[in-house]
Each structure stands twice: as structure tokens, then as C-alpha cells.
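Subject: Structure handover, salt bridges

Hello,

Here is the structure for you to look over. My notes on its salt bridges follow below.

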Amino acid sequence: MTTFSPSLLYHHLLLSLLVILLHARLCPAAGGSWSVLLPSIGISAMHMQLLPNDRVVTYDRTDFGVSNISLPNGKCRPNSTDCSAHSVEYDVGSNTVRPLMVLTNVWCSSGTLMPDGTLIQTGGWADGYRRVRTYKSCRTCDWKEIPDGLNQQRWYATNHLLPNGRQIIIGGRQAFNYEFYPKKSATENSPSFPFLVQTNDPNVENNLYPFVFLYPDGNLFVFANNRAILFDYSKNQVVKTYPTIPGGQPRNYPSTGSAVLLPLRIKKGVVDTVEVLVCGGAPTGAFVNANNGKFDGALDTCGRIKISDPNPQWVMETMPMARVMGDMLLLPNGHVLIINGASAGVAGWELGRNPVLSPVIYTPDNQIGSRFEVQNPSTKPRVYHSTAVLLRDGRVLVGGSNPHDKYVFTNVLYPTELSLEAFSPSYLDSNSSSLRPRIISPKNKFNIRYGKRVAITFTVSGPVDLKLVTVTLMSPSFNTHSFSMNQRLLVLDSTNSAKAVGKSTYKVGVVAPPSGNIAPAGNYMLFVVHKDIPSPGIWVQIRR
């Protein structure tokens, strides 16, 4: 039996206590809660979009095999014996799903919610390469398809809504160019985009599903692999080249990290500070190694860059745990949720290991070193082909996970996951109810116009600090493969105008965004936030 001297034991205990204290500082007490909404929606939610009627359209791919939900009324896809659905519409209010029929393969596609509330989805695989599909939600509506709606094959592309009401579709596998939809003419071309050639790692890529954000001057910030540019798509010109992220490790598919445009604060019609946060991914060589059975640990770093600075530089931060294939979602209070993913391997069939079950909240305005807070874990691995979107009530809808090329439920490490869960951030805890605003007016589905003043009346049952009331606008994003396209949170200019107007009743005046460069016309969720506790949102539509 081994014995230790009192002095050695004392130093050992002291060291252990120091490690515990350091860990506690880096990983504060867990928060948030999980609930299973539906044990099965019949498909695995590989792509997801919240619609402005509080329904979520989701789909996987047409060649997974027969799904666990049938098409209605005995329908089958044309020229197919598969009579099961590969898309469903989830009704948040009734917690039910309705099967939909996609005609061609939507695997690893992309999309954008258009200003009129129509989801325009583009590309896919094989017979879906150049398809455009539209979905406008109603009780009996279904997908419509436009053959050859795209100039180029789009598989693993990224879409973004533009100030002029069209969407840009950037890249895709072996597609080093971009195009627009809807088309202005049948002869509209697809300009080449050399940046995608420059960021393409031979035989690996590492630049698929590039991270794209609309900059407030109308240009696009495009991040691919390990670096970024500011791009004038109308002139096909690079406006600015940003430094390579320190370490030079890849952050895009298949070394899949994630990214967000941090909240844009509008003051007197101007956004002074524009920042991007990129987190996670896999190290150089991880894709080749994973295909040979060696699963490298994921990256545990985030890079944050103030892209509005004259000389922008990356500032690196360390997450509480490494993560690849994680999703990054903006929350109504301006915090960032990092959720889903694995701690080893890369994106691809059977190439990820060690699911990360605990989400993390990142608070951008905290001091560096105290921005991350680990949340309570789920019990369900959400690895390759998982999704997450913010709902209007402040919960986060989580679905998907299928690292197999078919539906596989047994005798594998991570079975195909058909369930839907909700993650409720701690701002939804019952002990925050007395701080939670509730919007009285305007009513849901309210129209606002650029630069116009909007008066919002809300109630709070407990004490209110009027200096800690803000109003935010959130765009509903298209989520797939760890990136939420079109994700954007605006903090509206209220000039500290919140005031009491009655018992537990308050009013705040805000100014709508000044232009489509800052907020493209379309549907947004509006929240009143008090002491970081958001109200349930209301839908508003910004009209040009």
C-alpha cells in the first residue's frame, strides 16, 4: 500500500482545490432546461426554417429510404415507390406535424425566407442540383418545384437575403461562383468567385457552407475555411481582406464550426460596431484522419473580430469544451447559444465521435474570460445533420442527427434521431416571471416602415429598471449543417425612452431600422427585453 507524507498530501489537496476553483471560474453553474416535444416527427430534421405563422418546415433527403411518416391520402412521389414523407411542417402551437412532399433530392441544400413569407429553397443533390423549391404555408399547402431554376449546381451552398428583396446563392461543391434568385432575365449569369477557389483545400474542401453576413453598407462579409473578405457582389470586387484566423485552422464544412454576426446596435440610424464570432471546427488533417479511423479532438477556440475597425484583428477565446458541428444561435437578449455537435472527428458519414450534450451561453458584453456559461445537458446526441432554431416564445427547437446514409436505428453508435426537443434558456425559468415583459401593443403581425417611430406598450408584474429595457428584432434563419443563414439581431434605438404609463404598464418608443442594408425587408420577431429577460415575441414585417 502506497503512503504519502503529510506535506505531499497537503500540496496534492491544494493543487486539486486550485484545479476545481479554476474549472468553476471557466464553467459556471449550469442553467437552462430540456423537454421532449415529440418522440418522432417521422423524419430526421436536417434542414429547418421557422415561418412567420409559428410553423417550422423541416426536411431531410429523398434517398434515406422509407421514413416513419406516410404521405397523406395514399400519395407517392412521382416515379417512385416511396410513399413516405421526407419533409414535414411542425406547428409550434399544437405540437403536431403535417407531412409534405418534396419531389427531388433536397440533401444538403440551402434556402431563404423571402419578404412575403415564402421559403425559397435551392439546390440539393442529383436530380435536385439545380432545382428551386417554394413553400408558402397554409393548411393544405405543399412544396412546389421549378426545374432548372438555378444556373449552376448548388450543393452545400449558402444563401442570404439582400436589400433589394432577392437572395444571393454562394458556392457549393465545385461551384466557385454565385448567382441570384429570382432571376431578372433568362440570360442572367453566375459571376465567378475566386475567393472560393483560394480557400478550397484539395480533396477536403473546408470551405463549403461559407459563413455569409450582410454588412451595414450593403456589402457581404464572407468567411470560408480560415479567412474572410468583405465583398461587393454587385461589382464582383473584394473590398477588404481580413487577417487569417490565428492558428489557421479550418472552420467550414467538413471541419464544421459555426459563426454569428453579433447584435447590431442602431444609434441615430447608424451601426457603429460590427463584429463576427466564429467558434469550433476541426484541426487541419482531421477529415483525412477521420476517414482512416482516427478522430482528432475538435477545436475549442472562438475567434472574434470587429470587422468595422479600420485595422481589424482577431481576438481568440477558449470555450469550456471543444466542439465540431455545433450550432450558434442568437437569443433575443443578445446572448449566443452554442448547441449540438461532437468533440472529435468531422462532419460526414460516421466521422464524428463523442457528442457534446451540454450547450454553452456566450455573453458578448461580459469581460473576456467570463463570457461562457455551461448549460444543463440533453440526453440525446445531436451530431451530424442536427438543427436548431429560435422560436417566438424564446425556446430553441432542436432536432435531427443522422450520421448515416440511411435511416439506422440499431447497432450503431449514434442512431438516427427523429425526435424534436426544446431547450429553454434560463431566462424562461419561473423565478424570472416577475421580470418578464409582455407586449400589449402593437399586436402580432404588425407592419413597420424604415426609419419610422414605433410605440410599444408592455407589462411587467414586478419592479422595473427602465434603464435596462431594450427592444430587439430577430430575423428567422434557415438552419442546416451548423450554420443559420440570414440570422440577424438588431437592437433598436430607443434613446432611453421607456416610461411607466399605468400600474405595471410601460411604454417605450423605438425607431425602425433605417434601411435594407441594416435590415432587409421581411419578417422579424420583435422582443422587449428587461434585465436580459425577453418577452414572448411578436411578428412584425418591415416593408420597403
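**Salt bridges**

Arg154 and Glu179 form a salt bridge, with their closest N and O atoms 3.0 Å apart. Arg154 sits in the loop between strand E9 (144-146) and strand E10 (158-161), and Glu179 in strand E12 (residues 178-181), so the pair ties together parts 25 residues apart in sequence. Both Arg154 and Glu179 are buried.

The model is predicted: local features need pLDDT of at least 70, side-chain atom pairs count only at pLDDT 80 or more, and totals for chains, interfaces and linings use all residues. Residues are numbered from 1 along each chain as its sequence is written, and side-chain values use heavy atoms, leaving out hydrogens and water.

Terms, briefly:
- Salt bridge: a side-chain nitrogen of Lys or Arg within 4 Å of a carboxyl oxygen of Asp or Glu.
- Buried: under 20% relative accessible area; exposed: over 50%; partly exposed: in between (1.4 Å probe, protein chains only).
- Strands (E, at least two residues) are DSSP runs, numbered from the N terminus.

The count comes to 20 salt bridges. Among the others:

Arg382 pairs with Glu421, the closest N and O atoms being 3.0 Å apart. This pair links distant parts of the chain, 39 residues apart: Arg382 is in the loop between strand E28 (372-374) and strand E29 (386-390), Glu421 in strand E31 (residues 420-424). Both Arg382 and Glu421 are buried.

Asp63 bridges to Arg61, with 2.3 Å between the closest N and O atoms. Asp63 is partly exposed, at 23% relative accessible area. Arg61 is buried, at 4%.

Finally, a network of salt bridges links Arg55, Glu89, Asp91 and Arg98.

Best wishes

How values were computed:
Helices (H or I, at least four residues) and strands (E, at least two) are DSSP runs, numbered from the N terminus.
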